[in-house]
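The sequence and structure are shown first, and the points then follow by topic.

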Amino acid sequence: MKKNLLFIGICLLFAVGCDQSNKDQGFDLFTMEAFVDLINQNDEAAAAKCGMTLLYEGELEDDMEGMEGSEGDAGFYVTVFGKGIEKGELSETGYEMKLTSDHAYYYELVSATSFNQNLYFDDPADANAFFEKLSQQEVIKGETPFAVEKMTNQLGEDYLLLKCVDDDNLVFEINKPVCENGFCLISIYQYV
């Protein structure tokens with residue numbers, strides 16, 4: 001009887017551990033539809049569909065006033081949403097991002113004379129899997145539907161074009177992940 005209870009206990013621990021690892025798979029919590037809504041709408045409701053909450057919103061120039069050597073993003077309005085991450089200390093280029101769990105990610109919108117959108121992943125495997133999942137789509141039917149085209153630039157680098165099905169002028173370029181400084185960046189450019 002004790003052996004059976006021990007076996008059942010081990011099975012339960014294993015099952016709970018497997019369930020927990022699935023909860024940590026950050027980007028799996030949001031769909032491609034939620035992603036295109038996020039990059040198209042850039043608001044809290046769209047970020048929530050991707051499992052993210054607002055981490056920071058404001059003009060960096062105000063926060064960095066009086067800092068010695070403060071250059072970089074000063075004067076830009078920045079909005080950051082994230083999951084498994086929190087806003088850290090202010091540095092010369094903006095706020096550092098501190099991990100609070102595995103498989104963390106965050107989305108940054110920087111606006112000045114144009115919009116720069118960036119999606120950062122803490123885990124390189126998550127960043128590559130996300131890009132691969134996106135590249136396998138033909139049409140993403142979010143609130144605004146987008147067709148996905150695989151492209152290659154003159155340097156032989158692969159990227160994706162997301163073209164709005166209903167509006168030829170709404171196009172996003174999504175670049176393959178680039179990993180450096182502890183995060184993997186997927187750059188997102190909106191054509192205007």
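A salt bridge is counted here when a side-chain nitrogen of Lys or Arg lies within 4 Å of a carboxyl oxygen of Asp or Glu. Lys 49 forms such a bridge with Glu 143, with 2.9 Å between the closest N and O atoms. The model is predicted, so that local features need pLDDT of at least 70 and side-chain atom pairs count only at pLDDT 80 or more, whereas totals for chains, interfaces and linings use all residues. Residues are numbered from 1 along each chain as its sequence is written, and side-chain values use heavy atoms, with hydrogens and water left out. Helices (H or I, at least four residues) and strands (E, at least two) are DSSP runs, numbered from the N terminus.

**Salt bridges**

- Under this criterion, the count of salt bridges is four.
- Lys 49 also meets Asp 37 in a salt bridge, at 4.0 Å from N to O. Because Lys 49 lies in helix 3 (residues 44–49) and Asp 37 in helix 2 (residues 32–41), this pair ties together parts that are 12 residues apart in sequence.
- Burial is stated as relative accessible area (1.4 Å probe, protein chains only): buried is under 20%, exposed is over 50%, and partly exposed is in between. On this scale Lys 49 is partly exposed at 40%, and Asp 37 is buried at 6%.
- Glu 143 is exposed, with a relative accessible area of 53%.
- Lys 98 is partly exposed at 43% relative accessible area, and Glu 86 is partly exposed at 37%.

**Aromatic pairs**

- Rings of Phe, Tyr and Trp (its six-membered ring) pair if their centres lie within 6.5 Å; planes under 30 degrees apart count as stacked, over 60 as edge-to-face and the rest as tilted.
- The structure holds 10 aromatic pairs. One of them, Phe 30 with Tyr 105, is tilted, with 5.4 Å centre to centre and 55° between the planes.
- Phe 30 sits in the loop between helix 1 (2–23) and helix 2, while Tyr 105 belongs to strand 5, 75 residues apart. Both Phe 30 and Tyr 105 are buried.
- Tyr 120 and Phe 183 form an edge-to-face pair, with 6.3 Å between centres and 80° between planes. This pair connects strand 6, which holds Tyr 120, to strand 12, which holds Phe 183, across 63 residues.
- Tyr 120 is buried at 16% relative accessible area, and Phe 183 is buried at 14%.
- One aromatic cluster is made up of Phe 30, Phe 35, Tyr 105, Phe 121 and Phe 130.

- Tyr 189 lies in strand 12 (residues 183–191) and is partly exposed, at 39% relative accessibility.
- A contact means heavy atoms within 4.5 Å. Leaving aside residues up to four places away in sequence, Tyr 189 touches Val 171, Phe 172, Glu 173 and Asn 175.
- Tyr 189 and Gln 117 are 72 residues apart in sequence, with their C-alpha atoms 6.5 Å apart in space.

**The largest pocket**

- On a 1 Å grid over the protein atoms alone, a pocket is an open set of points where a 1.4 Å probe fits, with protein on both sides within 12 Å along at least five of seven lines; lining residues have an atom within 4 Å of a point.
- The largest pocket has a volume of about 560 Å³, taken as the space filled by probe spheres set on the grid points, which are joined across faces, edges and corners.
- Of the 20 residues that line the largest pocket, Thr 93, Tyr 95, Tyr 106, Glu 108 and Tyr 120 are the closest to its centre.
- Strand 4 gives the largest share of this lining, four residues. Elements giving two or more residues include strand 2 (77–83), strand 5 (105–111), strand 6 (115–121) and strand 11 (178–180).
- The lining divides into 11 nonpolar, five polar and four charged residues. Here Ala, Val, Leu, Ile, Met, Phe, Trp, Tyr, Cys and Pro count as nonpolar, Asp, Glu, Lys and Arg as charged, and the others, Gly among them, as polar.
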